[in-house]
Amino acid sequence: MNFEVVKQIVEYARSKEKEYNKNFRFTITTNGMLLNDDKIDFINKEMSNVVLSIDGRKSVNDGVRKCINGDGCYDIIMPKFKTLVEKRNHDQYYVRGTFTKYNLDFADDVFHFYEEGFDQISVELQLLLIAKCLTQLPNVTFLKFLLSMIILQREFLKTMRTASTSTSFPLHA
């Protein structure tokens, strides 16, 4: 992503807000690789919402997302994601896991993100890809996927029954 262009677009839109009596709200999605303190500060100042894209816990993410040198990127991006979230006071962000045939036990990834301190988590299932792979995989694999759905549903319901009105389960539909 050309971050200078992002900054120019935001600057231009801000310059037009008064003229058109508008308040522009921006959202950015990042895989975290090029984040640094300056970009984090800009994002937290100018973006109403931030989407942090990751494929799952370390073993899943590193199996899918590689650096140029072939290594996984989990250990590079997680500290940056944590810094960004901490600096925005855990507000108006979410971790978006991309769940595929490589992590049909994606409930483990959701719980991992929560254990890492993220309380706003989106489950983004690649439904077409999963449907395709499920038709080509043994029934036991389908059952593993279904089990993850049941586990998440059970935890959601358990949390809703015991939560105060100010507490929410850390998942976005």
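The face of helix α1 turned away from its buried side carries the exposed residues Q8, E11 and Y12. Exposed means over 50% relative accessible area, buried under 20%, and partly exposed in between (1.4 Å probe, protein chains only). Helices are DSSP runs of H or I with at least four residues, strands are runs of E with at least two, and both are numbered from the N terminus. The model is predicted: local features need pLDDT of at least 70, side-chain atom pairs count only at pLDDT 80 or more, and totals for chains, interfaces and linings use all residues. Residues are numbered from 1 along each chain as its sequence is written, and side-chain values use heavy atoms, without hydrogens and water.

The buried residues of α1 are F3, V6, V10, A13 and E17. They lie on the same side of α1 because they cover an arc of only 80 degrees around the axis. This arc is that of the directions from the helix axis to the C-beta atoms. Their cover includes β1 (26-30), α2 (37-46) and β2 (47-54).

E17 lies in α1. E17 has a relative accessible area of 14%, so it is buried. Its side chain reaches the backbone nitrogen of F24 at 2.9 Å. Neighbours within four places in sequence aside, E17 is in contact (heavy atoms within 4.5 Å) with K22, N23 and F24.

At the start of α1, a side-chain oxygen of N2 comes to within 3.2 Å of the backbone nitrogen of E4. After α1 comes N21. The phi of N21 is positive, near 50 degrees.

Terms used:
A polar contact is a pair of N or O atoms within 3.5 Å; within protein, one must be able to donate a hydrogen and the other to accept it, and residues adjacent in sequence count only if both atoms are side-chain atoms.
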